[in-house]
Amino acid sequence: MCRLIAITSNEPLSPILALRALDVMREGHDGSGVGLFMSDLGGPFEELKGLPILSGICTGEGVKRLDQFMMNLGFLTKHKVSVRTAKKTPPPGTPKRDVYVIRAYEYPQSWEGLERGEIEFRLMMARLELRRMGEENEDMIIYSFWPDVIMIKEIGDPLKVAEYLQLDNEELRARVVLAQGRQNTNYAINLYACHPFFIQGIASMTNGENTAFVPIREYLMSRGFPGYMGYQSDSEVFTHIAHYMLNSLGLGIEAYKHIITPLQDEALESHPDGGFLRQLKHSCRRLIIDGPNCVIGRLPDNSVFLVQDRKKLRPAVAGGRKGLYAFSSEMCGLEAAIPDRDKSKDFQPMHLDTVIVPSDRSEVRICSQTEPLSLLH
Amino acid sequence: MLANGTIIPSSLSVRDLLWQVRWDKEKCTLCGRCCAVCPVQAIELGVHRKRIVQIPSLAEIGPATASSNVYQVYHGVRQKTDPAYACTGCGMCNLVCPNGAIIAERSEEIDKQRFHINRGGQPRRRGGRRNAPDYLNLGTLDRIKFTRISMLTDPALDAGRHEFELRTLLGRVLPPEENLRLYRENGWIPPVREIYPLIIGSMSFGALSPNMWEGLQMGVAYLNEELGMPVRMCTGEGGCPPRLLRSRFLKYTILQIASGYFGWDEIIHALPEMKEDPCAIEIKYGQGAKPGDGGLLMWYKVNKLIAAIRGVPSGVSLPSPPTHQTKYSIEESVAKMIQSMYMAWGFRVPVYPKISGTSTALAVLNNLTRNAYAGGLAIDGEDGGTGAAYNVSMDHMGHPIASNIRDCYLNLARLGKQNEVPLFAGGGVGKNGKLAANAAALIMLGASGVQVGKYMMQAAAGCVGSETDRCNVCNIGLCPKGITSQDPRLYRRLDPEKVAERVVDIYLSFDTELKKIVAPLGRSTSLPIGMSDALAIDDKNAADRLQIKYVV
């Protein structure tokens, strides 16, 4: 199993806070790796909100190829965070890397006037091309290339990695932080198999194994969308399902559970949107997950969500106070992240619930699958 | 015959026959039941003359001692050796014998009878299934194992207590984008049925006896109405009894139309009086047991009732053409036929074709993916059964179902239409008794559901047929169990109520076994269609061909 923590805060926070909460839950993960997603950034990136930020790891040679590629596209480096590890010894299990890349770019002049959808598509294609190049020469690993998003993933114990990479660096501040402490899965250790996963502004991380992985992967890959690739981890499909739902189907996150864990017959019949939901269940049948999974994610508008699968076999709790909320695999993680909260309002979502904290962090919204879908009216 | 008598080429001894009747004089009570019950009159009352040599003791021998031979007669059972009356091994004689004095045994070597069953220039015709005695080696489906067992990293589920949804969809499912758009715009969305993935395959009223048909229908109705299992049954090509057409139970029935269009006059005329729509319409283009050959109901079975339902004169053989007379191209005629059937029920009933397993299945499928109305594709593999066919068709024609269904599924996945055109697999599912394992394997190879016929006959009615040429007389209406006979003296042996009970037994136990397979794989909320990562086989070539794991 893995352990997850997501923190959303009105004030920019250091990711260390999330990693400490993970550390509290260390009994639930084996410390074999850490994945970090940050958005709604503070620090120097606050001023660069609209500019795409590239996150990844490169060898010395890879950085040169990266620079060349970005220059060819017309991107200019606007700001970069330097992570200096050259003179340090990595913690046990962590490989020695040349460069951890976190760079914000200015858009190419030729992209001016493009529609938002086109820009988003091109950003994704640039990431995919870099990934492909990196896999070819084994000199680049690219996690994300998107405005207001930074991702760091590394093998090793989360806190030790954080110390090694100086993640308490003042340049790294974010209002939304997703962190995952991973455990080896059935699939080979590969940084691309490390949560959270990202595609076009949507990130998610998962606890648990996805037993319906292969048919879901087949289905996503046959959608004809170039971003539906990778799948070094069975959990990557959750991110892509959310992306497919938001972008191709135009549905809100309230519909997510209706796709991955649809209601059964009797509940559908008595549901006010039963007709619609039955159609959704039929046509999205291949996206039904079978868990056991807990999915925590972030949407392009910086809202965060938490859902459980139909069986609710994975732990998760949501809690906090106005302006600061967290989703955590375990109560102790939540306690570490936000000790001063009204604990009576902590909420453990069950098999029908979707928990959403909107970007204004005003409340924890809970939608049950049996409620009418607001987006339809 | 006498040792110096004449023989004809087809003079056989009991030793030459496939089934040899062993009769025990000591146990026999001469009640005659065995001879009376034998469907093919392979045995008859035998009056045996016997000489007893009585040797007097030495003391008795004298000049006047007469010849000591005593001639006696005893009565018993004699097996005919004329191939026309060859025993079929059905075992009814053994079933009726009060003392267990008689049994048919299989020849220990390859019989000679097989060389003489084409007398009159008529090749052998029979009912039943492919004679492929692989019950020791097990077929491909039987050898597929489920190896992705949830262990520690994710908990296996409790098959007995967990909540399961093991349903499948029959009908054209639209891509999500289009489906939601049409829903919003109130457009026409193709009808889709949520059904149980084990379907009773097409066995016609005519091929089956009225009692068998009634039993199956009652079982299906009970499963639906009392147990909430949406089980469906296909009529086969023989129409549908008028009362069923006008009853609410029609919704549990898939009506089949085939190249002979038998029964469709009755169906069309019942349309205005139908209380419910049928579940679906199956257009039969082929049958796995005899691909490229049409349906066949031999004259023995065409009695008054069958003739009336099918709209034909009684007492004539009813061979359906191998293909639909109007079918000259798949693009046009098949599409038109599918649309016509949709139109008959106001576009409320899914219509799908059924073909026999064939290496051209992909071409058919590719075409159907471009036909917005095709509600699925049923493929019937070489191990499918039939009520009547030429022996050569049954034994040698056709395509195994496993690779056929796998190829089709993978092709759909390449096209991105794996959810849109559901595939149904039939032909030999459960032929060695492993119904749930075979069905689960086919589903994980990509089938949306499976169709079974022979298994139902064996398990629900006690059919004695086998892959080793036992019985197989379905074609001539002499079914000793009354399953495929139209002779009331035979079919009244079969109690429809008991058949219905067995149908329910089969479905309940199948359901439990299916759960016992999918639960350890961590699956419960949806049928694991295409979950090929769960499958493995101990044959490298088969593993490569099916794109599943190879394990030893």
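Trainee: What percentage of the 552 residues of chain B count as buried?

Mentor: This is a predicted model, in which local features need pLDDT of at least 70 and side-chain atom pairs count only at pLDDT 80 or more, while totals for chains, interfaces and linings use all residues. Residues are numbered from 1 along each chain as its sequence is written, and chains are lettered from A and ligands numbered from 1 in the order in which they are written. A residue is buried if 20 or more other C-beta atoms, placed from the backbone, lie within 10 Å of its own, exposed if 12 or fewer, and partly exposed in between. For the 552 residues of chain B, the buried share is 49%.

Trainee: What is the radius of gyration of chain B?

Mentor: Chain B contains 17 helices and 21 strands, where helices (H or I, at least four residues) and strands (E, at least two) are DSSP runs numbered from the N terminus. The globule rule, 2.2 Å times the number of residues to the power 0.38, is compared with a radius taken over C-alpha atoms. For 552 residues that rule gives 24 Å; chain B comes close to this and is therefore as compact as a globular protein of that length, with a radius of gyration of 27 Å.

Trainee: How far apart are the centres of domain 1 and domain 2 of chain B?

Mentor: The bounds, from an automatic or database domain assignment, are 14-55 + 66-122 for domain 1 of chain B and 140-185 + 197-460 + 488-550 for domain 2. Taken over C-alpha atoms, the separation of their centres is 42 Å.

Trainee: Which residues have the most contacts inside the largest nonpolar core?

Mentor: A nonpolar core is a set of buried Ala, Val, Leu, Ile, Met, Phe, Trp, Tyr and Cys residues joined through C-beta atoms within 7 Å. Leu442(B), leaving aside neighbours within four places in sequence, is in contact (C-beta atoms, placed from the backbone, within 7 Å) with residues including Leu141(B), Ala425(B) and Val450(B). The largest core has 256 residues, and those with the most contacts inside it are Ile405(B) and Leu442(B).

Trainee: Why is helix H14 of chain B described as largely enclosed?

Mentor: The buried residues of H14(B) include Lys454(B), Tyr455(B) and Met456(B). They pack against several elements of chain B, among them helix H5 (210-225), helix H13 (435-445) and helix H16 (496-518). The helix, residues 454-461, is largely enclosed by the rest of the structure because the buried count is seven of its eight residues.

Trainee: Which residue of strand S12 of chain A stands opposite Ile296(A)?

Mentor: Strands pair if DSSP finds at least two bridges between them; S11(A) and strand S12 (residues 304-308) of chain A run antiparallel and are joined by five. They form a hairpin with five residues between them, and Asn302(A) in the turn has a positive phi of about 70°. In S12(A), the residue opposite Ile296(A) is Leu306(A).

Trainee: Which elements give two or more residues to the side of chain A that touches chain B?

Mentor: The contact between the chains involves 29 residues of chain A and 33 residues of chain B. Two or more residues on the side of chain A come from each of helix H5 (213-221) and helix H9 (274-283) of chain A.

Conventions: Contact = placed C-beta atoms within 7 Å.
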